[in-house]
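Subject: Model for you to look at

Hello,

Here is the model we talked about. Please open it first, then read the notes below.

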Amino acid sequence: MTLETIWFLLWGILWSVYFVLDGFDLGMGTLLPFIARNETEKRTIYNAAGPFWDGNEVWLLTAGGVTFAAFPAAYAAMFSGLYTALYLLLFALILRGVSFEFRSKVDSDAWRKAWDTCHFLGSFLPALLLGVAFANIFRGIALDANGVNQEGLLELLNPYGLLGGVVFVVMFVMHGSIWLAIKSSGPLHDRARTVAIKTWPIAVVGAVFFLVYTGLETMLFNNYMQNPLLFLVLIGAVLGLISVRSSLGSAKMWRAWAGSATFIAGVTMFGVIGLFPALLPSSLNAGWSMTIHNSASSPLTLKIMLGVALVMVPIVLAYQIWVYRTFSHKITQADLDYKEAY
Amino acid sequence: MDVLMLSRLQFAAATMFHFIFVPLTLGLSLLVAIMETRYVSTGDKTYKRMAKFWGKLFLINFALGVVTGITLEFQFGTNWSRYSAYVGDIFGSLLAIEATVAFFLESTFIGVWVFGWDRLSPKVHCLAIWLVAIASNVSGLWILLANGFMQNPVGYVMRNGRAELNDFIAVITNTTGILQFLHMIPAALTLAGFFIMGISAWHLLRDNETDFFTRSFKMGLGSALIFSVLVVLGGHIHGNNTALQQPAKLAAMESHWETQTRAPMYLLQMPSLTGDGNMIQALPVPGLLSFLAFNDVNAEVTGLNDIPEQDRPPVLLTFLSFRLMVGLGTLFPLMAGLAFLYRNRLKQFPLLKFLPWMIPLPYIAIFAGWTVTEVGRQPWIVQGLMRTADAVSPLATSQVVFSFVTLCLLYALLGAVDIFLMLKYARMGPE
């Protein structure tokens, strides 16, 4: 396997980890106005993401940073090509981030309500926009010979792009409701589990539609036709999704979460593997696509970065797993009375 | 306004707004870590209350620093795509390393610190804030190495129409980045010191929690006193380095026009508004500029007249920012020195009531310093290698107008909320 190919796979894996980890925060934030019936339940939702969201969001920075470092030309084309969508994503994530920190700092209903709205928008919009962006990456954008996107935000909101956005929102809502069920008890727990169970068929229908539409709209299946073994990734995603339903039925919430995580990672990797060797196809001319061949960094940079990644990523995973274990308990009244809680 | 100007303004707005929060994060994280360490080693509850009180202000500040940091990484791709493609091989890898080595650690353990007071042993909890503090500062080092490459590109070779890495060690031992780090970290600790002194003074004047705020004040004072001196030393060495590596920037900092040996410094000086000379230039001190730049009164200092006009930075802004930074940088050790004389009878310190009003000054000094660094590098985005005008993304003006206006509105709103919360919690005092 060449260095470029390894980095391409790592690029996909980093995005997958980001979607799996921030996916549940964003899903819970999207659910906030619909599932929480009182102040205690709202705060339970904020604190269920409390010690984790910041560390989760760094995976986005790392995925972005790795795109920059390993495939600078693709990073340049992708980030300038998706300009307005990316700024909307950034503004939304900024609002979400500060809503955690600021919401409980002033004792006023209007203040809390304002930050709840920010939190919802700052969770729902990123879920939607990330889906729209990745569906458009799978489909290709109108890159010209210089790697400049000839279209704007409105063209990204094509039916396939929007379906991608909806699928991401549904995946994240299911993922978030499972996490909330893990972290809460009583009526909120029951409601969260019900939401997960009810979201499941929507996720199935969404995934089937997306898969069929992907076959019609993109070239992703070409790699799979050439090498049918790759379908294992898709089978993994399907098994994950099935496991979500069976685990929810038997109230094994951690297993359901693992299934949902597998599903999200499987969907992401399905798309990424289908793209290979492109990171960003051009819908105008296949020769103008950003691929690992025309956008990768020098072998020296890729080697050094690989060394850093092989040492650091396992360390990061190790301490983040420790953090998840340390704070895996259900949120209780004592946690909400804790002075530093959100 | 064109895409280039809008993108530059947006970069300046996004970066400067982010940098309101960075220096306090760098400095205060270390001081809070020391407070908590004292609590753990002595068992003295006051230190725990100190870590919690200053930690709360730290967190309000930290939140905005984190969320506005994402913009910084993304805007290279969104607005400076040609720059990103041109130097991403080096610059991008430094940012990616920063994220994996430092930013993960900082962002993960801040959550541990906030939520872990009752769930972790005091030692492990204290370790969490040390990891945050160390990671923040290590993060700063990588970012400054990336910026150092823009000031003084090293370790690269031109190949395939772009700058490619050929000597990683040269990139990570770039004197510019390291000297910027050695100037920036003491600046951050000076800022944090005056921040603590200012808020403590406000409470001491009102006789609130005298013991708590006296101890806090002394910690802030220690930091301000030591590091305001080190920041001057670091700045001087950094200036010597600039004289060697970026003569155009040095000439603009001093509005120095004629190349000459034994270059004087004028006690009264003002560049012309047209950028072609000085309108006021009086009271020369012979050889002082040569001495400050090269530690040698007879050294030759290149003047702006010997730099082609299209390669000159904007003189007036660079010159004034430098004066402002140096002026404030001189004030800090003097103020800290005076406060030190009254350290055991703070209430009698006649300047105590000015200290709360001094809190903004180190911020202004740091902004002025970064203006010198970044404006003084113009018209280059990477000194001598790529011009800023060649680096901007091919975007539609409407796109950048939208992002710039929205960003300014959002940041203004968040900035106001942050200041409101800071004042509220600073005035409230410890629990």
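Into which domains is chain B divided? There are two: domain 1 covers 3-259 + 302-428, and domain 2 covers 260-301. These bounds come from an automatic or database domain assignment.

Some ground rules. This is a predicted model, in which local features need pLDDT of at least 70, side-chain atom pairs count only at pLDDT 80 or more, and totals for chains, interfaces and linings use all residues. Residues are numbered from 1 along each chain as its sequence is written, while chains are lettered from A and ligands numbered from 1 in the order in which they are written.

Confidence: chain B has an average pLDDT (the predictor's confidence in each residue, from 0 to 100) of 94, and 100% of its residues score at least 70. For the complex, the predictor gives an ipTM of 0.93 and a pTM of 0.94.

Back to the domains of chain B. Their centres, taken over C-alpha atoms, are 29 Å apart. Contact here has a cut-off: C-beta atoms, placed from the backbone, within 7 Å. Helices (H or I, at least four residues) and strands (E, at least two) are DSSP runs, numbered from the N terminus. Nonpolar means Ala, Val, Leu, Ile, Met, Phe, Trp, Tyr, Cys and Pro; charged means Asp, Glu, Lys and Arg; the others, Gly among them, are polar.

Next, a hairpin. Strands E4 (residues 265-271) and E5 (residues 278-285) of chain B pair antiparallel over six bridges; pairing takes at least two DSSP bridges. Met265(B) faces Val285(B) of E5(B). Six residues lie between the strands, and in this hairpin Gly275(B) has a positive phi near 70°.

Now the chain contact. Chain B gives 55 residues and chain A gives 53. On the chain B side, H3(B) has the largest share, 23 residues. By class, that side has 31 nonpolar, 18 polar and six charged residues.

Last, helix H2 (residues 39-49) of chain A. Eight of its eleven residues are buried, so the helix is largely enclosed by the rest of the structure. Among them are Lys42(A), Arg43(A) and Tyr46(A). Buried means 20 or more other C-beta atoms within 10 Å of the residue's own, with C-beta atoms placed from the backbone.

Best wishes

Conventions:
Buried ≥ 20, exposed ≤ 12 C-beta atoms within 10 Å, placed from the backbone. Contact = placed C-beta atoms within 7 Å.
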